[in-house]
Structures are given as structure tokens and as C-alpha cells.
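Here are a few notes to read alongside the model. Take them in order, and keep the structure open as you go.

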Amino acid sequence: MSRVTVDGTAVEVAPGATILEAAEAAGHWVPTVCFDQRQAPFGACRVCMVAVAGSPKPLPACTTPCRDGMEIETEEATARRVSRAVVELVLSELPEPPAPHTELARVAARLGVTGSRWTGAVHAREDDLRHPYLALRHELCISCGRCVRACDEVQGAFALTATGRGFDANIAAGLDAGFEDSTCVSCGACADTCPTDAISEISLVAQLERS
Ligand code: SF4
Ligand code: FES
């Protein structure tokens with residue numbers, strides 16, 4: 001076991017436990033966007049930054065393992081500034097604010113991020129509504145990779161692929177021909193994990209309206 005402190009609270013964690021797990025054990029919140037506890041940590045978004053005594057820069061909580069004696073601060077000013085800036089940057093690329101119920105919107109609200117100071121390129125709207133149960137709104141994708149990992153690790157369907165890089169990073173179903181022409185089994189794991197509703201389940205009412 002490793003003994004660490006999180007914002008002054010002492011906790012014991014199992015060998016290999018991450019800072020995020022220690023923070024949860026201590027009852028302290030760390031913002032996350034690309035993390036889903038049902039999946040292996042990916043470390044893509046850099047929203048989960050925390051300060052660790054002795055480290056010259058903030059560290060990502062979801063991928064950094066605890067060391068015995070570690071002193072962790074979840075709300076240290078620099079770490080929090082980085083988390084907020086990353087969320088602002090992500091929001092600046094979306095054509096509309098994420099719906100209030102989404103994980104991204106809730107993380108932004110809890111961090112006190114209400115908009116973005118950056119006004120750069122915004123994703124063009126590109127909605128794929130061909131599948132009867134799953135809507136894919138590419139413009140809301142923040143490339144967190146959660147849907148791809150849910151499809152691969154949880155469902156084993158391998159229907160989704162990460163595409164592009166940087167601003168053009170997105171996801172594709174099958175060979176970009178949509179869910180219907182992929183190995184998708186309509187389990188909904190991708191929609192369930194998506195933090196922005198870029199992939200969402202089409203409601204029964206909407207399905208009836210469309211039929
Ligand atoms: S569709 Fe959703 S879960 Fe998949 S990479 Fe984009 S934002 Fe993440
Ligand atoms: S939640 Fe840790 S890097 Fe995304």
C-alpha cells in the first residue's frame with residue numbers, strides 16, 4: 001500500500017493506484033473529460049491536472065501512479081488554471097455550447113468556465129443521422145477517444161476509429177460509411193460514454209417521428 005495525502009487528507013491506496021483514484025478515495029473532486037472508470041486511462045485531454053509536492057509542473061491525475069508519501073493538491077492555482085484553459089480551448093472549437101446534461105458541460109460549470117476567451121476555428125456542422133438508433137454529430141466531437149475504447153474494450157465490436165489529427169481529429173463509424181455499414185451492434189456503449197453527445201441515442205419518440 002502507498003500512503004499519500006490529498007488536500008491534506010491522508011489515504012492509503014493499493015500499489016499502482018493513480019492520483020485520481022487516491023483523490024476519489026479521499027473524497028476530493030478532480031475534473032476529468034477523457035476518463036471513464038470502465039476503461040483503461042488514456043490521458044488524452046489534460047483536464048485532470050493536479051499539483052504534487054516536488055513536481056515542477058502539474059501532473060495528469062488519471063495516468064500518474066501514486067508514490068508513497070506523495071502530497072497532492074487538487075485545487076492548486078497553476079493546475080486549476082491549466083484545467084480551465086484546456087476546457088476553454090475545447091469549448092472554443094464547438095459550434096454550440098454542449099448541452100447542460102453532458103459531462104463536458106458539467107465539468108465546465110464546476111470549473112467556473114462559462115465560455116472561451118479564444119475565437120479560432122469552429123467545427124463545421126456534419127450530422128450523420130442514417131442509423132435508426134445512434135446519431136453521430138461530428139461537430140461536437142472533442143476527440144477524447146472514449147467511444148472508440150468503449151466499442152473496443154467494453155463491447156469488442158471495433159466499429160469506431162479515431163481519424164485525423166489536431167483540429168481535424170474526429171471519429172468514423174466503419175470505413176466512414178456510418179454505423180449501419182460498420183460492425184456496430186447498436187449496444188449504445190459509445191453514446192453512453194460520450195461526454196458531449198457527439199454520439200447520442202435517438203429517442204423512441206424521434207424514431208417514431210422518423211418512421
Ligand atoms: S464521439 Fe464523443 S466519445 Fe467519441 S471521441 Fe468524440 S467526443 Fe469522445
Ligand atoms: S481525464 Fe486525465 S487526461 Fe483526460
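**Notes on the model**

1. In the hairpin of β8 and β9, six residues lie between the strands, and G164 takes a positive phi near 65°. Strand β8 (residues 160-163) pairs with strand β9 (residues 170-173) in the antiparallel sense, over four bridges. T163 has N170 in β9 as its bridge partner. Strands here are DSSP runs of E with at least two residues, helices are runs of H or I with at least four, and both are numbered from the N terminus. Two strands count as paired if DSSP finds at least two bridges between them.

2. A word on the ground rules: this is a predicted model, where local features need pLDDT of at least 70, side-chain atom pairs count only at pLDDT 80 or more, and totals for chains, interfaces and linings use all residues. Residues are numbered from 1 along each chain as its sequence is written, while chains are lettered from A and ligands numbered from 1 in the order in which they are written.

3. Now the whole chain. The secondary structure of the protein chain comes to six helices and ten strands. Its C-alpha trace spans about 60 × 40 × 30 Å along the principal axes.

4. How much of the chain is buried? Buried residues make up 36% of the 211 residues. A residue is buried if 20 or more other C-beta atoms (placed from the backbone) lie within 10 Å of its own, exposed if 12 or fewer, and partly exposed in between.

5. The domain assignment gives domain 1 (2-78) and domain 2 (127-210); such bounds come from an automatic or database assignment. Their contact takes nine residues from domain 1 and nine residues from domain 2. On the domain 1 side, six of these are nonpolar, one is polar and two are charged. The centres of the two domains, taken over C-alpha atoms, are 30 Å apart.

6. Helix α1 covers residues 19-26, and I19, L20, E21, A22 and A23 in it are buried. What do these buried residues pack against? Their partners are β1 (2-6), β2 (9-13), β3 (49-52), β4 (59-60) and β5 (71-73). Just after α1, G27 takes a positive phi of about 80°.

7. Next, the open sheet of three strands, in the order β6-β7-β10 with antiparallel pairing. Its edge strands, β6 (127-128) and β10 (199-201), each pair on one side only. Between β6 and strand β7 (residues 134-137) there are two bridges.

8. D128 is worth a look in strand β6. D128 stands opposite L136 in β7. Leaving aside residues up to four places away in sequence, D128 touches L136 and G178, where contact means C-beta atoms, placed from the backbone, within 7 Å. D128 is partly exposed, because 18 other C-beta atoms lie within 10 Å.

9. Finally, ligand 1. Of the 13 residues around ligand 1, C141, C144, C147, C194 and A198 come nearest; a residue is near if its C-beta atom, placed from the backbone, lies within 6 Å. The shell divides into eight nonpolar, four polar and one charged residue. Here Ala, Val, Leu, Ile, Met, Phe, Trp, Tyr, Cys and Pro count as nonpolar, Asp, Glu, Lys and Arg as charged, and the others, Gly among them, as polar.

Definitions and conventions: Two residues are in contact if their C-beta atoms, placed from the backbone, lie within 7 Å.
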